[in-house]
Amino acid sequence: MKKPLIMDCDPGRDDAIALMMLGKDENYELLGITTVAGNHTVSHTFNNAQRLSAWLGIEAPVFRGCERPLLRAPVIAPEIHGDTGLDGFDEQCMPKHQETEHAVNWLVKTLLAATEPVTLLVTGPMTNIAMALRLAPTVLSHIDRIVLMGGSMTLGNVTPAAEFNMYADPEAAKIVFTSGADLYMAGLDVTLKALCDAETITRMSAHKNPAAKLFHDLMIPYCEAENRAYGMPKAPVHDPVAVAILQQPDLITFREMNVTIDTSTQEGYGRTYCDYYNTTGLKPNCHVAVNLNTEGFWNLIEHQIQKYN
């Protein structure tokens, strides 16, 4: 029997690959996809998630969520993901039906009605999840675990201290990290090891199916954008690492830590403080990914692409 799963995302080129990996998963039933402002405005991320679902034949409904963070001004990343958030993917296919219910309302309704705990996969800012926890705190008892891409034990990628998803809505992340939920965090420490280059694109594109085309069309401009922004000859595909936690957890090494979110200081705003050595004596609240089997990771992505033949 498949386990119920909800994906909360902000597509985004790497979110697209993460969604593709889930599209034909044998172990998880994708109940729905909720979208949030992050890599681009929520208008674009909602539209992008619908286009991706239609292209990949994913039948899960897509819901539009929060259009701005809880407190701070919106942050988007068109320099990485393009003017639409999915520049490079030109297919304009759309699902036959467009959902109108707000993502947070749907999350609360679906979680409260669940007959077994639901896994949440979160690959963007955590605004929708925080809002659901505040609107109906009892949803927590219906969540199996929250697997997220975000944060860093060390350096940031949008400020010296902060990773993008955490910086985009630190207050929402703080609500989630203090909620008591079972958290699994794939931060920059591991996602920066999931590097895509021309050889990777050639390898994945060889399968000549909708998933392979998606990978090809998105990863070429994504690699170029990462090189412009960070001077990286290879581009890290962040969000698929969170999916790997679900699909092949033995690829990732974890360490339990207490993780707090900086919402107070200008320099550290959005930083995840990961207590690696338990210097605070505080109880761990998160399974933090500390290493990734990169060969196995790319084998997993290729395996998922092949399912679309």
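**Entry 1**

I take the direction of a helix from a line fitted to C-alpha atoms over the stretch in contact, and I let angles run from 0 to 180 degrees between N-to-C directions. The model I am reading is a predicted one.

I looked up how helix α9, residues 198–205, sits against helix α10, residues 210–230, and found an angle of about 165° with the axes 8 Å apart. Angles over 145 degrees count as roughly antiparallel. The two helices α9 and α10 are therefore roughly antiparallel to each other. I noted that the crossing of α9 and α10 is left-handed.

I then listed the residues that make this contact. Helix α9 contributes Thr 200, Ile 201, Met 204 and Ser 205. Helix α10 contributes Ala 212, Phe 215, His 216, Met 219, Ile 220 and Cys 223. By class, the contact of α9 with α10 holds seven nonpolar residues, three polar ones and no charged ones.

**Entry 1**

Is His 207 buried or exposed? I read a relative accessibility of 18% for His 207, and buried means under 20%, so this residue counts as buried. Leaving aside residues up to four places away in sequence, I found His 207 touching Ala 212, Glu 302, Ile 305, Gln 306 and Asn 309.

Lys 208 has a relative accessible area of 72% and is exposed. I also noted that Lys 208 has a positive phi of about 55°, although it is not a glycine.

**Entry 2. Helices α2 and α10**

I returned to α10 for its packing with helix α2, residues 42–56. Here I recorded an angle of about 140°, and axes 9 Å apart. The helices α2 and α10 are therefore oblique to each other.

Which residues make the contact of α2 with α10? From α2 I listed Leu 52, Trp 55 and Leu 56. From α10 I listed Pro 210, Ala 211, Lys 213 and Leu 214. The residues of this contact divide into six nonpolar, no polar and one charged.

**Entry 3. The sheet of eight strands**

I traced an open sheet of eight strands with mixed pairing, in the order β3-β2-β1-β4-β5-β6-β12-β9. Its edge strands are β3, residues 62–64, and β9, residues 252–257, each of which pairs on one side only. Direction ignored, neighbouring strands of this sheet are turned by 25° against each other on average.

Cys 9 has Thr 35 of β2 as its bridge partner.

I then checked which helices pack on this sheet, and I record two. Helix α4, residues 103–113, touches β1, β2, β3, β4 (118–122) and β5 (143–149). The direction of α4 makes about 150° with that of β2. Helix α7, residues 170–177, touches β5, β6 (183–186) and β12 (286–292). The direction of α7 makes about 140° with that of β6.

**Entry 4. Helix α5**

I asked which residues of helix α5, residues 127–135, are buried. The list reads Thr 127, Asn 128, Ile 129, Ala 130, Ala 132 and Leu 133. What do these buried residues of α5 pack against? I found the strands β1, β2, β4 and β5, together with the helices α4 and α7.

**Entry 5. Backbone notes and single residues**

I found a cis peptide bond running from Pro 11 to Gly 12, with omega near -10°. Gly 12 lies in the loop between β1 and α1, the latter being residues 13–22.

I also looked up Asn 278, whose phi is near 55°, a positive value in a residue other than glycine. Asn 278 has its place in the loop between β11 (272–274) and β12. With a relative accessibility of 42%, Asn 278 counts as partly exposed.

Last, I located Gln 248 in the loop between α11, residues 239–247, and β9. Gln 248 has a relative accessible area of 28% and is partly exposed. I noted a separation of 16 Å between the C-alpha atoms of Gln 248 and Leu 120, which are 128 residues apart along the chain.

Conventions. Residues are numbered from 1 along each chain as its sequence is written. This is a predicted model: local features need pLDDT of at least 70, side-chain atom pairs count only at pLDDT 80 or more; totals for chains, interfaces and linings use all residues. Side-chain values use heavy atoms; hydrogens and water are left out. Two strands pair if DSSP finds at least two bridges between them. Helices (H or I, at least four residues) and strands (E, at least two) are DSSP runs, numbered from the N terminus. Contact means heavy atoms within 4.5 Å. Angles under 35 degrees count as roughly parallel, over 145 as roughly antiparallel, 65 to 115 as roughly perpendicular and the rest as oblique. A crossing is left-handed if the near helix is turned anticlockwise from the far one by less than a right angle, and right-handed if clockwise. Ala, Val, Leu, Ile, Met, Phe, Trp, Tyr, Cys and Pro count as nonpolar, Asp, Glu, Lys and Arg as charged, and the others, Gly among them, as polar. Buried means under 20% relative accessible area, exposed over 50%, partly exposed in between (1.4 Å probe, protein chains only).
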